[in-house]
Amino acid sequence: MYRQIINFLRGNVRLQVESPCPERVVNLCAAHEIPFWDLQWKDAATFTVTTTRRGLRLLQEVTGETTCTITPLAERGAPTLLLRFRRRYVLLGALALFLILLLYGNLFIWEFRVSGNHTVPTETILRALEDYGLQVGCFGMDVDQEDMRNHVLLALPDVSWMAVNVKGCVAHVQVVERKRPPRRVEEHEVSNVVARCAGLVTRVEALDGVAQVAVGNTVTEGQLLISGVMDTGRTGVRLLHGMGQVEARTWHELSVLVPLEGQRHEVPETSTRFSVDFGKHRIKLYGKGSMTGVNCDKIIHYTPWTLPGGFRLPITWVTERTTGYSAAPQEKTVTEARQEGEAAALALLEQQLPPGSSVTDTRFAAAQRDGCLLVTLKAECLEEIGTQVVLPAAQP
């Protein structure tokens, strides 16, 4: 790629060479260090080759006393373009402006790309970098990695390592999140496992302590499931850190009230506005202000300008689409209200259940009341009901 760029900047010429001894022409190019490439034979005495503008002049000089015939076929490159546009001052000015923007844009940071974060939000990382001084529009050639980590990691307790690699005008932020160790089990604590809610026990796994229930037992809320006090019979009582898992079938009942009268959104009009961002400065291409109404949605699309090869320019095309809404009364049918209530009740139930639980059976009932529909959910679930309770008298 770089060789193609260099050849384009210095210009190149496609030639057709006819000679009774074509190998002599090739040897003359090698002897006088004339660059050439992309050689293609047409017949035993004719071939085409590409060389530079200076190489064409040297080849014509060294083959002047031979019977060789050199015919230029095509000329390409930056010098040819400049000669073609030497009297078109507007195009030359636009080319100069383009080169200035290209050089200016690749000396500063215009985009951040964060990778490696799963729990820490990208906005939090960018805010910490901005407080340090790394933000859109800053000079990106002298980023001190060690100093940056010493300042930024203090503001990000959940990040253990960070690196900022600047390529062109894009800063690639690589993050390694801190892995927190699991909660340490305090063996000196004496605790019991009690029932968080009532249910029918289906599995008991006592990791430490004595199980007080068996599979098939019905337990109530607050009932002792795994005891941390063990009676050994001979040596007396042992105090343990009771822990384990007790899984049971549970039954829940939830009610959701859904109004039968709602509002329908009507879309009266949609407007589109354009603007251009030069770095942090925005040039609006519309006359009115940026204030919008209350009942409307605004969607903004940012389109950065990039060159072939991934070179980013400090220019971003901004498109704003604003859609206004007006509310109109709308009556809901009983079927629609029932479906809405069932979905809301299931979502509420899933929020109340602990992780790893499952809903095994559901039944719904609905009744109208004061312009609303009361949807009742009766569900059977399979969940972990044990919760650990430290004995107050046994705390150190």
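The pLDDT is the predictor's confidence in each residue, on a scale from 0 to 100. In this protein chain the average pLDDT is 83, and 89% of the residues score at least 70. The model is predicted: local features need pLDDT of at least 70, side-chain atom pairs count only at pLDDT 80 or more, and totals for chains, interfaces and linings use all residues. Residues are numbered from 1 along each chain as its sequence is written, and side-chain values use heavy atoms, with hydrogens and water left out.

**Confidence.** Colour the chain by pLDDT. Helices (H or I, at least four residues) and strands (E, at least two) are DSSP runs, numbered from the N terminus.

**The three-stranded sheet.** Select β5, β7 and β6, which form an open sheet in that order with mixed pairing; two strands pair if DSSP finds at least two bridges between them. Because β5 (111–115) and β6 (159–167) stand at the edges with a single partner strand each, one side of each is left without a neighbour in the sheet. Now select β6 with β7 (residues 170–177): eight bridges join them in the antiparallel sense. Val 164 stands opposite Val 173 in β7. Contact here means heavy atoms within 4.5 Å; axes are lines fitted to C-alpha atoms, for helices over the stretch in contact, and angles run from 0 to 180 degrees between N-to-C directions.

**The five-stranded sheet.** Select β11, β9, β15, β21 and β20, the order of the strands in an open sheet with antiparallel pairing. The edge strands, β11 and β20 (358–369), each pair on one side only. Strand β20 is joined to β21 (residues 372–384) by 11 bridges, and the two run antiparallel. Gln 368 has Leu 373 in β21 as its bridge partner. Then show helix α8 (residues 334–352), lying across β15 (243–259), β20 and β21 at about 30° to β21.

**A salt bridge.** Finally, display the side chains of Arg 53 and Glu 75, which meet in a salt bridge (2.1 Å, N to O). This pair links distant parts of the chain, with Arg 53 in helix α3 (residues 53–62) and Glu 75 in strand β4 (residues 69–76), 22 residues apart. A salt bridge is a side-chain nitrogen of Lys or Arg within 4 Å of a carboxyl oxygen of Asp or Glu; the whole structure holds 13.
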